[in-house]
Amino acid sequence: MAYSERPMGVPNTEIHMDSPDPKPDTATEALAGQGMEALKDITFGSLAGIAGKYIEYPFDTVKVRLQSQPEHLPLKYTGPLDCFKKSWAKDGVMGLYRGISAPLVGAAVENASLFFSYRLCQEILRKNVLGPDTPVPYSGLLLCGAVSGAFTSMLLTPIELVKCKMQVPVETSSGQVRRLGPLGVMASVYRHQGIAGFWHGQMGTLIRETGGSAAWFGGYEGMSLFFRGLREKSGSSKSKDDPLPIHQQMACGAMAGMSYNFLFYPADTIKSRMQTEDVTRLSGVKRTFGSVGKLIYQQSGLKGLYRGCGITVARSAPSSAFIFTIYETLKQQFA
């Protein structure tokens, strides 16, 4: 009650102020909700990435061995099938899965980081640009994918460097194969190149992940929009926000994986060549992303930059299909 509204002639009347109704601490609840969503992104993304890595890893080993063939001719492998046969004959199935420990960690880190930062970028766009209830347009989703990839590349480069070096054991001048475990590879890199050596090839990872993640999420979201459009045209009773059937989710994931790997494959080739070089021969030598790319192009042309691309695109379809489907299923089950 305002002072001017006090009853006249009643000097001892107490002023009564209506207190607001108690409300929950919305800021705290929102923060807790954000933390839970982040935990879900990290957990579900990690599980999906690990499952996808087990599917694709033998094909990735073949890809890296094709990419990292020495600069002199003749080539050690004539193609993916030849590489697969020779690798199987020499080391068996364990040889194709050699060094998977680092990639499993990498897959968990990569997918957790991608899904988490992708959702976070969308929330930042809604809060600061679009409005809290405005859907993010397709161009905005591409931007969010690129930003999430750039962030993830910083975490991924050291893990991929260890993986690549384990997938392509170094042959000494006497013809013996020098095989190191993850700790041995890390010790060798640190001894010869220091901490910075773990980010050798970062430019290639940055280009691949920035452009590739935009294509990855863009391919998935684009195919999802296509299927939802078909559903609306068919007169389905389901709303546009209802989840897609499993087979359509897998098709969207397959498109995402193929887009990611094909469009920026040359950057990955250059990165693999840089990361599989023998660090004992690199002391004091600075081989840049541009110089390695120029060397590969001079040696083999555009074909050399896309060496191993076919098998990579082929294995990425089922891998990404499972990654997105597992992630979306877990999100639906634990929403």
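Predicted model: local features only at pLDDT ≥ 70, side-chain atom pairs only at ≥ 80, totals over all residues.
Leaving out residues up to four places away in sequence, Arg208 touches Leu156, Glu160, Ser213, Tyr260, Phe264, Ala267, Asp268 and Lys271.

One of these contacts, Asp268, meets Arg208 through the side chains in a salt bridge with an N to O distance of 2.7 Å. Because Asp268 lies in helix H8 and Arg208 in helix H6, the pair ties together parts that are 60 residues apart in sequence. Asp268 is buried as well, its relative accessible area of 5% falling under the 20% limit for that class. Salt bridges with shared partners join Glu160, Arg208, Glu209, Asp268 and Lys271 into one network.

## Overall architecture

The protein contains ten helices and two strands, and from the N terminus its elements follow the order α-α-α-α-β-β-α-α-α-α-α-α. Of its 335 residues, 46% count as buried, while the accessible surface comes to about 17800 Å², with 66% of that area belonging to carbon and sulfur atoms. Among contacts with a separation of 6 or more, 77% are between residues 24 or more positions apart.

## Links between helices H1 and H10

The protein has ten salt bridges in total, and among them is the one between Asp41 and Lys331, whose closest N and O atoms are 3.5 Å apart. Asp41 lies in helix H1 and Lys331 in helix H10, so this pair ties together parts that are 290 residues apart in sequence; both residues are buried. The side chains of Glu56 and Arg315 also meet in a salt bridge, at 3.0 Å from N to O. Since Glu56 belongs to helix H1 and Arg315 to helix H10, that pair ties together parts that are 259 residues apart in sequence, and again Glu56 and Arg315 are both buried.

Thr43, which lies in helix H1, is partly exposed, with a relative accessible area of 34%. From C-alpha to C-alpha, Thr43 and Tyr327 are 9.3 Å apart in space, although 284 residues separate them in sequence.

The largest nonpolar core has 23 residues, of which Phe115, Trp216, Phe217, Cys252 and Phe324 touch the most other members. At least two residues of this core come from each of helices H1, H3, H4, H6, H7 and H10. Not counting residues up to four places away in sequence, Phe115 touches Asp41, Gly45, Trp216, Phe217, Ile323, Phe324 and Tyr327.

Helix H7 has 18 residues and reaches 26 Å from its first C-alpha to its last, close to the 26 Å expected at 1.5 Å a residue. Its buried residues are Gln248, Gln249, Cys252, Gly253, Ala254, Ala256, Gly257, Ser259, Tyr260 and Asn261, and what covers them includes H3, H6, H8 and H10.

Ser117 is located in helix H3, which spans residues 101-130, and counts as buried because its relative accessibility is 7%. Apart from neighbours within four places in sequence, Ser117 is in contact with Ser148, Phe151 and Thr152.

In soluble globular proteins, nonpolar side chains tend to be buried together. Phe84 is found in helix H2, residues 80-96, and is partly exposed, with a relative accessible area of 34%.

How values were computed:
Residues numbered from 1 in each chain as written. Heavy atoms only, no water. Helix = DSSP H or I, 4+ residues; strand = E, 2+ residues; numbered from the N terminus. Buried < 20%, exposed > 50% of the residue type's maximum accessible area, 1.4 Å probe, protein only. Contact = heavy atoms within 4.5 Å. Core = buried A, V, L, I, M, F, W, Y, C linked by side-chain atoms within 4.5 Å. Areas by Shrake-Rupley, 256 points an atom, 1.4 Å probe, with all protein chains shown as cover. Expected span 1.5 Å × (residues − 1). Salt bridge = Lys/Arg side-chain N within 4 Å of Asp/Glu carboxyl O.
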